[in-house]
Each structure stands twice: as structure tokens, then as C-alpha cells.
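The following report describes the structure shown below.

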Amino acid sequence: MARATDDHPEDRCDRCGGRNMKVWHVDNALWNRIAGDFSILCPICFAELAELSGMLPIWVLRNESDLPGELERLQAIVDKLPKCWRLNDAGKLVEDCPVVIGMEVWVRNKQTIIRKRQVFAITSTSIGDGYHRHWSPDDSYNTEAAARAAGKGSEECNE
Ligand SMILES: [Zn+2]
């Protein structure tokens with residue numbers, strides 16, 4: 001692994017300006033819920049933002065070498081989760097955001113955009129049942145825009 005230098009943009013936290021850890025990992029779904037507009041966060045700032053969003057202020061710090069294959073195992077779990085819609089950086093609608101229980105998503109019905117619908121189950125069936133084209137993540141992505149875009153052109157709507 002390349003040694004970080006002071007020039008490397010990921011060395012500094014966007015929120016506090018302090019040093020970032022060289023490499024640390026959190027799963028994408030959690031990152032997307034917490035990070036907001038920040039692209040680089042140090043672990044302290046990430047934990048503070050998580051706490052502000054209502055998460056418990058208790059964390060488990062582990063080294064990857066203690067758990068060989070752990071990242072791959074977690075990634076495989078995330079890969080299997082149902083995905084909801086978002087607009088990517090190019091403004092294109094993509095269905096790749098993992099949905100987890102407790103996550104708040106945008107849900108679109110025929111007339112209105114309803115915010116802060118919580119996910120109670122994460123099976124593909126529950127995501128796909130009537131809502132499939134209307135979900136987009138409530139996080140740093142263009143949520144309402146994605147919900148509107150996902151609803152456009154959809155014939156099916158059970159609400
Ligand atoms: Zn920071």
C-alpha cells in the first residue's frame with residue numbers, strides 16, 4: 001500500500017480539518033446514512049455525526065488482520081441486500097444503494113413525495129412489492145430528485 005503523504009486529499013477530514021486515519025472502513029449503507037455532503041471524514045467526526053443522527057455512542061474498533069476475510073464477508077452481505085434507487089453523480093437513475101432495516105427512504109405515491117418512511121424488512125419481495133420503483137435512499141444522494149425520477153414513467157403503484 002502506498003504511503004500517505006500530506007498532499008493526499010484523504011489525509012485530512014473535510015469536517016474538522018484534522019488528520020484522517022490512513023485506511024478505515026465502514027459499510028456503504030452506514031456511510032451513506034451518516035456522511036451527508038462530506039466525502040472524507042475522520043473516524044471521530046463520523047462517530048459524532050452518527051451520534052447526532054441518534055445512533056448509540058458505542059463503537060467497536062478492530063483491526064482487519066484480526067479477522068481475515070471480514071471485509072469480503074461483509075461486502076458479500078451488502079451485495080445481497082435489496083437495492084434502492086439513487087441519482088448518480090451524472091444525474092442518472094441507478095438502483096444500487098443497499099437497503100437495511102431502520103433506514104429511512106423516500107417513498108413516492110401517485111400524488112406526493114413522502115419522506116422518512118422506515119424500512120421494516122429487507123427482503124427483495126418487500127422492497128419490490130409496490131414500492132420497487134419508488135425507493136431512493138435518504139442520505140447524501142439526491143434523494144427527493146431520485147424519488148421523483150424513479151416514479152416517473154412507472155405504471156405500477158399500490159399506494
Ligand atoms: Zn474530523
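The chain comprises five helices and five strands, where helices (H or I, at least four residues) and strands (E, at least two) are DSSP runs numbered from the N terminus. Along the sequence, these elements follow the order α-α-α-β-β-β-β-α-β-α. The model is a predicted one, in which local features need pLDDT of at least 70, side-chain atom pairs count only at pLDDT 80 or more, and totals for chains, interfaces and linings use all residues. Residues are numbered from 1 along each chain as its sequence is written.

**Confidence.** The pLDDT is the predictor's confidence in each residue, from 0 to 100. Its mean for the chain is 71, and 59% of the residues reach 70 or more. Helix α2 (residues 43-52) has the highest confidence, at a mean of 94, whereas helix α4 (residues 124-128) has the lowest, at 42. The pLDDT is below 50 over residues 123-142, a stretch that has 57 contacts in the model beyond near neighbours in sequence. Residues 153-159 also have pLDDT below 50, with seven contacts beyond near neighbours in sequence. Two residues are in contact if their C-beta atoms, placed from the backbone, lie within 7 Å.

Of the 159 residues, 23% count as buried. A residue is buried if 20 or more other C-beta atoms lie within 10 Å of its own, exposed if 12 or fewer, and partly exposed in between, with C-beta atoms placed from the backbone. Among contacts with a separation of 6 or more, 53% join residues 24 or more positions apart.

Cysteine 84 has cysteine 97 of β2 as its bridge partner, and lysine 83 is bridged to proline 98 of β2. Five residues lie between the strands of the hairpin, in which glycine 91 takes a positive phi near 80°. Four of the five residues of β1 are buried, so this strand is mostly covered.

**Asparagine 20 and cysteine 42.** Asparagine 20 is located in the segment before α1 (28-34), and cysteine 42 in the loop between α1 and α2. Although 22 residues apart in sequence, the two have their C-alpha atoms 4.6 Å apart. Asparagine 20 is classed as buried because 22 other C-beta atoms lie within 10 Å; cysteine 42 is likewise buried, with 21. Leaving aside residues up to four places away in sequence, asparagine 20 touches Glu10, Asp11, Arg12, Cys13, Ile40 and Cys42. With its neighbours within four places likewise set aside, cysteine 42 is in contact with Cys13, Cys16, Gly18, Arg19, Asn20 and Met21.

**Glutamate 48.** This residue belongs to helix α2. Glutamate 48 is partly exposed because 16 other C-beta atoms lie within 10 Å.

The table lists C-alpha separations for selected residue pairs.

| Residue pair | Separation in sequence | C-alpha to C-alpha distance |
|---|---|---|
| Asparagine 20 and cysteine 42 | 22 residues | 4.6 Å |
| Cysteine 42 and cysteine 16 | 26 residues | 8.2 Å |
| Glutamate 48 and isoleucine 34 | 14 residues | 9.5 Å |

Conventions: Two strands pair if DSSP finds at least two bridges between them.
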